[in-house]
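This report looks at a ligand site and at a pocket. Keep the structure in view while reading.

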Amino acid sequence: MNRPASLLFRAITGCLVFAGVASMQAQTPTGEMDMQHKASVPSTTLKVTGLDGKETTYSAAELKAMPHKTIAVYNEHAKANESYSGVPLTELLAKAGAPTGEKLRGKGFLLYVVAEGTDHYKVVYSIDETDPANHAGDVIVADTLNGEAIAADGAFKLVSSEDKRPARWVRNLSAITLKSAE
Ligand SMILES: Nc1nc2c(c(=O)[nH]1)N[C@H]1C(S)=C(S)[C@@H](COP(=O)(O)O)O[C@H]1N2
Ligand SMILES: [Mo]
C-alpha cells in the first residue's frame, strides 16, 4: 500500500471503530436491565378484544366479581416472594370466543395475545401458555398483591407463574387483544 492509500485506510478503519463504539454505547440505555420502574397512568378498566374485533370492557368491580385464583411467585426484580390473586386470563379469552382446553387444537395454536399497559408497554403470550388445561403454570389478571389492591400500579397487573423474570408481568394492564399468526 502506498502512503496516501494507507492513510486513507487508517482514516476509514478509525471511523468504523468510532462508529462501532458509539453504537455500542447508544444501545446501553435501551437495555432491558436498565429500565426504571416509572410511574405511569394507572389502569382503571380492561378492554378485551376478540379475533372478530368485538370489544368487552371490564371495570375493576366486574373483574372482582369473577372467580379468582391465587398464585405464589418469586419476583426476581423485587427479590421477594409474592402472592397475587386475579382472574385467569383464559376465562376472559374464552368469553371473547377463544378455544380452550381440548377445543384448543390445529390452527388454534396460531392464536396469541398482545397485553398492553397504559404506558403502551406490550408483551405477547401464545394462547397455549395462557391455558392451564394445556400448559403448566398460570397467567392471571391480578387485582391484589399480598392481599392489597395493586393501587400504585393501576387496578390490574398481568402476572405469569412460569416466567423466571417479571418482564412479561404488565403493570397498569389496560388491553388484551387476541390475534392469529396466520
Ligand atoms: N406497563 C409496564 N409493565 C412493565 C414494564 C413497563 O415498562 N411497563 N416493564 C417490565 C419489566 S422489563 C420488568 S423487569 C418489570 C419490573 O417490574 P417492577 O418495577 O414492578 O419490579 O415490569 C415489567 N412490566
Ligand atoms: Mo426488566
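A polar side-chain atom of His77 sits 2.6 Å from an oxygen atom of ligand 1. The model is predicted. Asp119 also places a polar side-chain atom by the ligand, 2.7 Å from a nitrogen atom of ligand 1.

| Residue | Atom of ligand 1 | Distance |
|---|---|---|
| His77 | oxygen | 2.6 Å |
| Asp119 | nitrogen | 2.7 Å |

Now the shell. Ligand 1 is surrounded by 11 residues. His37, His77, Asp119, Trp169 and Arg171 are the closest. Sorted by class, the shell holds 6 nonpolar, 2 polar and 3 charged residues.

Next, the second largest pocket. Its volume is about 170 Å³. Which residues line the second largest pocket? The lining consists of Ala60, Lys64, Asp143, Thr144, Gly147, Ala149, Ile150, Ala151, Gly154, Ala155 and Phe156. Two elements, helix H2 (60-64) and strand S7 (139-145), each give two or more residues to this lining. By class, the lining of the second largest pocket divides into 6 nonpolar, 3 polar and 2 charged residues.

Notes
Residues numbered from 1 in each chain as written. Chains lettered and ligands numbered in written order. Predicted model: local features only at pLDDT ≥ 70, side-chain atom pairs only at ≥ 80, totals over all residues. Heavy atoms only, no water. Near = heavy atom within 4 Å. Polar contact = N/O pair within 3.5 Å; in protein donor to acceptor, adjacent residues only side chain to side chain. Nonpolar A, V, L, I, M, F, W, Y, C, P; charged D, E, K, R; others polar. 1 Å grid on protein atoms, 1.4 Å probe; cavity = no way out; pocket = protein on both sides within 12 Å on 5 of 7 lines; lining within 4 Å. Points joined across faces, edges and corners; volume = space filled by probe spheres on them. Helix = DSSP H or I, 4+ residues; strand = E, 2+ residues; numbered from the N terminus.
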